[in-house]
Amino acid sequence: MVENSPSPLPERAIYGFVLFLSSQFGFMLYLVWAFIPETWLNSIGLTYWPQKYWAVALPVYLLITIVITYILIFGINMVNTSRLDSVHTVTDNYAKNQPQKKSQEKAVLALKDIPISEVNQMFFIAARGLYPQS
Amino acid sequence: MEVERIFSDIYGGRLALQRRQYSPFCREFCLGCPRLSLRSLTAATCTVWLVAYGLFTLCQNSMVLSAAIFITLLGLLGYLHFVKIDQETLLIIGSLGIQMTSSYASGKESTTFIEMGKVKDVVINEAIYMQKVIYYLCILLKDPVEPQGVSQVVPVFQSAKPRLDCLIEVYRSCQEILALQKVTSGSP
């Protein structure tokens with residue numbers, strides 16, 4: 001059985017170094033593309049590189065995407081929240097189809113979904129000390 | 001027998017709960033919502049009129065001002081008639097059913113009746129509402145297909161939205177009546 005552990009291994013050191021080198025190379029390439037004038041690049045022989053417009057446009061797109069992601073995730077969560085009159089606030093398919101096991105004597109009860117009526121009886125009627133009666 | 005107590009809703013506004021007992025099987029709970037405050041009314045009117053005045057200075061058309069007055073009046077009337085609920089009532093009759101009445105600020109009343117055969121239980125449920133988690137009282141309806149299942153959840157006191165202390169009062173009262181109802185209907 002192979003264990004997955006986060007400890008440092010020789011292979012991981014090599015992966016890390018390759019990643020470091022490639023990211024540094026990519027950044028240097030990006031700086032060269034963005035700053036060196038078109039004519040100088042053409043004189044070297046590099047003529048078919050993308051327009052310099054994208055050197056500014058792509059980072060801006062990325063930043064706006066990040067900002068919109070925050071707002072979008074907030075919105076998606078709000079849309080997916082059940083309404084107050086939805087039956088999903090009370091039960092769901094797993095609770096409806098749970099197996100009815102008999103509880104053994106003197107054993108800890110198995111984990112199961114308790115119906116909301118029972119929970120309410122327990123909180124508000126049986127244990128009157130929990131919520132002080134004004 | 002009428003008892004009135006003061007509670008607060010989830011935003012901190014003042015609610016008045018009136019409990020009436022007509023018979024051992026019949027109880028009524030009237031929850032009075034906070035009134036329309038002069039402050040919010042003034043603020044809304046001032047914003048609409050400031051925006052209208054701004055538009056008027058831009059386009060120099062005096063129809064904008066009359067339109068703003070019209071909109072304010074119609075908006076207020078529509079709000080009072082369709083949105084602003086003055087009082088919510090829950091009437092529970094043991095052998096018959098549960099009736100919910102909402103009376104609006106313009107005098108309009110809307111009523112919903114659920115017969116006792118459909119009612120499974122009255123419970124206090126917790127749910128996420130906007131950016132809060134609130135307690136609210138709801139009526140669980142029986143599922144005709146499955147005897148132990150819940151087919152529908154009907155929340156009550158939707159616009160008053162009282163806090164847990166008020167809900168516990170109403171819940172205990174309702175449970176007394178439902179327990180009596182089960183005893184009398186269970187025994188042949």
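Colleague: Does F56(B) count as buried or exposed in this predicted model?

Modeller: F56(B) counts as buried, because its relative accessibility is 19% and the cut-off for buried is under 20%.

Colleague: How is a ring pair described, and what is the case for Y53(B) and F56(B)?

Modeller: A pair of aromatic rings is described by the distance of the centres and the angle of the planes. For Y53(B) and F56(B) the centres are 6.1 Å apart and the planes stand at 35°, so the pair is tilted. Both residues belong to helix 1 (residues 38–59) of chain B, where they are three residues apart and thus separated by about one helical turn.

Colleague: What kind of aromatic pair do Y30(A) and W33(A) form?

Modeller: Y30(A) and W33(A) form an edge-to-face pair, with 6.1 Å from centre to centre and 70° between the planes. In accessibility, Y30(A) is partly exposed at 29%, whereas W33(A) is buried at 13%. Over all chains, six aromatic pairs are found, and ring pairs also link F123(A), F124(A) and Y171(B) into a cluster.

Colleague: How do strands of a sheet pair, and what is the strand order of the open sheet in chain B?

Modeller: Strands of a sheet pair through backbone hydrogen bonds, either parallel or antiparallel. In chain B, the open sheet of three strands has the order 7-8-9 with antiparallel pairing, and its edge strands are strand 7 (119–129) and strand 9 (150–155). Strand 7 and strand 8 (residues 132–142) of chain B are joined by ten bridges, and V119(B) stands opposite L141(B) in strand 8 of chain B.

Colleague: Which helix of chain A packs on the sheet?

Modeller: Helix 5 (residues 116–126) of chain A does, touching strand 7 and strand 8 of chain B, with its direction at about 80° to that of strand 7 of chain B.

Technical notes
Residues numbered from 1 in each chain as written. Chains lettered and ligands numbered in written order. Predicted model: local features only at pLDDT ≥ 70, side-chain atom pairs only at ≥ 80, totals over all residues. Heavy atoms only, no water. Pairing = 2+ DSSP bridges. Helix = DSSP H or I, 4+ residues; strand = E, 2+ residues; numbered from the N terminus. Contact = heavy atoms within 4.5 Å. Axes fitted to C-alpha atoms, helices over the stretch in contact; angles between N-to-C directions. Phe/Tyr/Trp six-rings, centres within 6.5 Å; stacked < 30°, edge-to-face > 60°. Buried < 20%, exposed > 50% of the residue type's maximum accessible area, 1.4 Å probe, protein only.
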